[in-house]
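Here is a short briefing to read with the structure open beside you. Please take a look at the sequence and the fold, then work through the points below.

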Amino acid sequence: MSGPKLFSDKLISKLLDAKSVSVLTGAGVSAESGVPTFRDPGGIWEKFRPEQLANFDAFISDPDFVWQWYQHRREIMRNVQPNDGHYALAEMESLFPDFNLITQNIDNLHRRAGSKNIYELHGNIERNYCISCRKYYNDVSPEEKQALKCSCGGLVRPDVVWFGEMLPYETLMKAEQCAMNSDVFLSIGTSAEVYPAATLPLIAKESGAYVAEINIRQTVITEDLDEFITGKSGVILKRLTEIIKSELKVQ
Ligand code: BJW
Ligand code: ZN
């Protein structure tokens with residue numbers, strides 16, 4: 001394997017011994033695909049404050065504005081492709097006896113890359129549901145410029161988790177179990193500023209896992225973890241997967 005050393009031998013040996021590996025991904029994992037992050041320079045919240053768009057009150061006070069915002073982001077997400085990081089994570093699923101991908105991303109790129117065991121904490125932008133009867137509307141035309149109305153008369157909203165809303169209960173419980181049971185936990189491309197997702201790497205650490213963070217810059221939790229790996233997740237994850245495969249003698 002050529003090139004500079006990106007991570008420790010300890011991480012490799014922990015991964016080779018691991019029965020259960022879990023990862024938490026955030027917007028940084030999709031940055032190399034061209035999906036804007038939230039809190040980086042040029043990120044989404046530089047133009048719009050979260051409270052303007054990512055909460056229920058904003059939707060109720062101006063449904064069409066919020067709807068158009070999500071239609072715009074759907075357009076971006078439909079036109080991008082998974083990157084090396086998404087593909088590496090999909091491949092990792094077959095390299096470990098138990099591999100869990102917990103994501104805060106709503107962009108569906110992990111699924112498009114082939115990951116199967118996915119826990120989506122903040123929903124999925126491709127789905128919508130009626131706020132009155134919870135009927136789902138998933139094949140909405142990009143041409144729909146106004147917030148859809150359900151057959152029952154209720155407003156149809158994107159199936160994403162806004163500030164002040166509970167995360168899907170079963171998914172969060174499962175994610176917490178994964179964190180508690182993992183031998184190695186990777187926190188990748190997330191600022192770790194949004195709760196409760198941000199507690200998962202810390203839960204894993206408290207439960208005895210070896211916890212590494214992959215990010216282009218340090219975060220608020222870096223100091224609490226075992227290892228910080230600096231760089232783009234696409235590059236790091238591709239390399240990490242190649243090394244694991246070569247050690248395991250997998251083609
Ligand atoms: C790269 C890279 C590359 C870039 N490679 N890396 C005070 C204390 C504690 C909690 C709270 C509090 N006040 C309020 C709360 C609760 C609140 C919260 O956490 N607020 C904080 C901001 C303080 N949380 C909630 O409300 C949650 N619900 C909840 O707690 O329910 C219980 C409850 C209910 C009622 C009352 C009280 C409690 C819900 C959170 C929902 C978050 N929703 C969003 C929007 C989703 C829909 C949409 O997209 O429109 O989810 S917000 C946004 O942030 C989105 C993301 O999933 C989430 C996390 O962001 P992420 O992924 O980390 O992205 P960035 O941009 O922050 O970071 C990108 C990182 O990538 C950076 O570190 C870069 O360096 C890195 N990077 N390129 C590797 N190539
Ligand atoms: Zn309805």
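What follows covers aromatic pairs, charges over rings and some backbone features. This is a predicted model, in which local features need pLDDT of at least 70 and side-chain atom pairs count only at pLDDT 80 or more, while totals for chains, interfaces and linings use all residues. Residues are numbered from 1 along each chain as its sequence is written, chains are lettered from A and ligands numbered from 1 in the order in which they are written, and side-chain values use heavy atoms, with hydrogens and water left out.

**Aromatic rings**

- A search of the whole structure turns up seven aromatic pairs; rings of Phe, Tyr and Trp (its six-membered ring) pair if their centres lie within 6.5 Å, and planes under 30 degrees apart count as stacked, over 60 as edge-to-face and the rest as tilted.
- Tyr70 and Trp162 are a tilted pair, because their ring planes stand at 50°, with the centres 6.2 Å apart.
- This pair links distant parts of the chain, 92 residues apart: Tyr70 is in helix α6 (residues 63–78), and Trp162 is in the loop between β5 (156–160) and α9 (169–181).
- Helices (H or I, at least four residues) and strands (E, at least two) are DSSP runs, numbered from the N terminus.
- Tyr70 and Trp162 are both buried; buried means under 20% relative accessible area, exposed over 50%, and partly exposed in between (1.4 Å probe, protein chains only).
- Phe96 and Phe99 have ring centres 6.1 Å apart and planes at 20°, so this pair is stacked; both residues are buried.
- One aromatic cluster is formed by Phe48, Phe65 and Trp69.

**Charges over rings**

- The charged end of Arg74 sits over the ring of Trp67, 5.4 Å from its centre; the criterion is NZ of Lys or CZ of Arg within 6 Å of the ring centre and within 35 degrees of the ring normal.
- Arg134 lies over the face of Tyr129, at 4.2 Å from the ring centre.

**Backbone features**

- Tyr195 and Pro196 are joined by a cis peptide bond, with omega about 5°; Pro196 lies in the loop between β6 (184–188) and α10 (199–206).
- Ala192 lies in the loop between β6 and α10, and its phi is near 55°, a positive value in a residue other than glycine.
- Where does Lys249 lie? Lys249 is in the segment after α11 (233–248), and its phi, also positive, is near 55°.
- Buried or exposed: which is Ala192, and which is Lys249? Ala192 is buried, with a relative accessible area of 5%, whereas Lys249 counts as exposed at 73% relative accessibility.
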